[in-house]
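Thank you all for coming.

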Amino acid sequence: MAVQPGIAEGTVLGGRYRVVEQIGSGAMANVYRAVDDSLEREVALKVINRSNAAQETARDDDAEVKVLASLNHHSLITLLDAGVDRAEAGRTLIYLVMELVEGPDLKRRLSEGPLSSRHTAEMGYDVADALAYIHESGVVHRDVKPGNILVFDYQHDTARMHAKLTDFGIALMADAPDLHDGGFLGTAGYLSPEQAKAEPIGPPSDVYSLGLVLLESLTGQQAFPGDPLQSALARLMDDPHIPDDVDPEWRLLLAAMTARNPEDRPSTTEVSQALYELSQSSRGKHKVDAAVIPADEEARMQAVHSYGILDTPPDGAFDRITALAARLFSVPVAIVSIVDHDRIWFKSHHGVDVEQISRDPGLCASAILQDGLWVVENAPEDPRTLLNPLVAGDFGLKFYAGAPLKTRDGYNLGTLCILDFEPRTMTAEDNANLRDLAAMVMADLELRLEAAAGLPGTPQDSGIVN
């Protein structure tokens, strides 16, 4: 396929998209950062590379890009516009205008190691659902690979991993004739056998490629590595190796998705249903991320249970302290939390109605790992928290400060924490005040513990905070 020469800075396509700079290139397309002069916003402009011969034989570029532009699905990068620019004589530029997303893709995520079974299923479900949608619209993606899947997992095992499929640079109508000139379309490591043989392809080709992506996500290893020719030819002789330690449910699904005969593969709708069931079954096998478990977790949990405050509703004992914290620091939310083995219980929650959350995304789980205060002054820009679902999601958390509730034996039960939806700073006086309020909570808990033990001279109701 002949590669189109680059487009100069300042070039305007479609009468409104002004090229700023090139940000990506390949055999199939060049990608540019551009500005939509009509709406005054930045966009990603993908210009499809087609040979002159392909342009001459294309049946109807305008109709094709209009179909692509009509695609709208929550697991697809938003395609804002598409068009064909023929302003320059003898040169037809087919372009796609997409939302400009500068974030991690699955390829980068897998460089850190494989995904859990649950996250693989959740990611795969989103992609399969998106593929089912575009297949119903008569479009075949043709280049399903980790680099074309954006993932949003917030680096927490309890957070649902979301994925968005991008890059329709070589997506063509399913019944359109091949427009290449002798080579194959797609990325060698993820080609279907029919792509490797340069045969006509349909939706089953995307199913095969997704199967390879899922297998790599589970194992951390590409099924068909090597140079493009070696990689492409390997799948014509062998099925991908599925390790014995892969769960039986996954083995059956992956084997079906990567069958060499396209007719033997399940549809994308069937794949999405299977992946949904796998994601749900994986929830029961969930274990808390080791990154938020203290080294003394067993002893710490014994200490937590000794206070008899788990699995009990908020009793109002600490409501004055959280209300005081909210006024003192001028924040909308203040919480007394207790960190259980897989949950965080809010024993007092000023400014929010939630009584519990999963342990992993809760910032209190990180706060109890500290000896002192844990302060995040600008959460969306702090590498410790910028991908946390409470920060990146709809909740919109911008500030967190938590003081551990430390027992006399040195175990952190939970926190007294304050939250805000705007970034802010903590002074030395603020730090001291938050520590003192946490100490008041612990003083009441210690008195309760002593009262429960029946120590002589201990009041049965401390009355400290009521």
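Let me begin with an open sheet of 6 strands, which has the order β13-β12-β11-β16-β15-β14 and antiparallel pairing. Please keep in mind throughout that this is a predicted model. The edge strands of this sheet are β13, residues 356-358, and β14, each of which pairs on one side only, and from one strand to the next the twist averages 25 degrees.

Tryptophan 374 has glycine 402 in β15 as its bridge partner. Because tryptophan 374 lies in strand β14, residues 374-376, and tyrosine 400 in strand β15, residues 399-406, the pair ties together parts that are 26 residues apart in sequence. Are these two residues, tryptophan 374 and tyrosine 400, buried or exposed? Both of them are buried.

Staying with this sheet, we come to strand β12, residues 343-350, where lysine 347 lies. Lysine 347 has a relative accessible area of 7%, and since buried means under 20%, lysine 347 counts as buried. Between lysine 347 and isoleucine 335 there are 12 residues in sequence, and in space the two are 7.5 Å apart, C-alpha to C-alpha.

There is also an open sheet of 6 strands with the order β1-β2-β3-β4-β6-β5, again with antiparallel pairing. Its edge strands, each pairing on one side only, are β1, at 12-13, and β5, at 79-85. Within it, strand β3, residues 29-36, and strand β4, residues 41-48, run antiparallel and are joined by 8 bridges; asparagine 30 stands opposite valine 47 in β4.

Finally, the helices. Helix α6, residues 203-219, packs with helix α8, residues 248-257, at an angle of about 145 degrees, their axes being 8 Å apart, and the crossing is left-handed. On the α6 side the contact is made by Val207, Tyr208, Leu210, Gly211, Leu214, Leu215 and Leu218, while α8 contributes Trp250, Leu254 and Met257. Sorted by class, this contact has 9 nonpolar residues, 1 polar residue and no charged residues.

Conventions. Residues are numbered from 1 along each chain as its sequence is written. This is a predicted model: local features need pLDDT of at least 70, side-chain atom pairs count only at pLDDT 80 or more; totals for chains, interfaces and linings use all residues. Side-chain values use heavy atoms; hydrogens and water are left out. Helices (H or I, at least four residues) and strands (E, at least two) are DSSP runs, numbered from the N terminus. Buried means under 20% relative accessible area, exposed over 50%, partly exposed in between (1.4 Å probe, protein chains only). Two strands pair if DSSP finds at least two bridges between them. Axes are lines fitted to C-alpha atoms, for helices over the stretch in contact, and angles run from 0 to 180 degrees between N-to-C directions. A crossing is left-handed if the near helix is turned anticlockwise from the far one by less than a right angle, and right-handed if clockwise. Contact means heavy atoms within 4.5 Å. Ala, Val, Leu, Ile, Met, Phe, Trp, Tyr, Cys and Pro count as nonpolar, Asp, Glu, Lys and Arg as charged, and the others, Gly among them, as polar.
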